[in-house]
Amino acid sequence: IAAMAGAAGEYFCNSGALDVGTLASIYAATFIGGVTATGSMVAFGKLAGMLKPKALSLPGRDQINLGMLGLAVLGLGAFLDPGLAASVSGMGPEELRLASLALVAGVSSLLGLHLTASIG
């Protein structure tokens, strides 16, 4: 959660004056923070006996994971170059970047939960 909050803080404090490298690091930190935060919570719950230790076995779980990863990659494209997706979405550049950051926060959190819950 700290990685996600730090990345969001960096973005909100300097949103108009960030280069592509910094934007990519903000997006990556948000993605990694989401996966590790929820993954750690599920792992703790399983090890502490608060969650069932049995692996979550959804049909098509690999495709679900790949779909979430694909959404994150599409969001990265929109975050780094909002002009690319602005014509499709009808949103302004800053709105699109904020939506992309929110999308990766949610999707990566679900991905971390799903990846860790799938381990027995």
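Buried means under 20% relative accessible area, exposed over 50%, and partly exposed in between, with a 1.4 Å probe and protein chains only. The model is predicted: local features need pLDDT of at least 70, side-chain atom pairs count only at pLDDT 80 or more, and totals for chains, interfaces and linings use all residues. Residues are numbered from 1 along each chain as its sequence is written, and side-chain values use heavy atoms, without hydrogens and water.

**Exercise 1.** Decide whether His114 is buried or exposed.

Solution. Locate His114 in helix α5 (residues 93-117). Helices are DSSP runs of H or I, at least four residues, numbered from the N terminus. Read the relative accessible area of His114: 6%. His114 is therefore buried. Now look at Thr38. His114 and Thr38 are 76 residues apart in sequence, yet 9.0 Å apart in space, C-alpha to C-alpha.

**Exercise 2.** Classify Gly21 by its relative accessible area.

Solution. Gly21 sits in helix α2. Its relative accessible area is 46%, so Gly21 is partly exposed. Then compare sequence and space. Gly21 and Leu80 are 59 residues apart in sequence and 9.1 Å apart in space, C-alpha to C-alpha.

**Exercise 3.** Work out how α2 runs relative to α3.

Solution. Take α2 and helix α3 (residues 61-80): their axes come within 10 Å and cross at roughly 150°. Axes are lines fitted to C-alpha atoms, for helices over the stretch in contact, and angles run from 0 to 180 degrees between N-to-C directions. Angles under 35 degrees count as roughly parallel, over 145 as roughly antiparallel, 65 to 115 as roughly perpendicular, and the rest as oblique. So α2 is roughly antiparallel to α3.

Note on methods. Helices (H or I, at least four residues) and strands (E, at least two) are DSSP runs, numbered from the N terminus.
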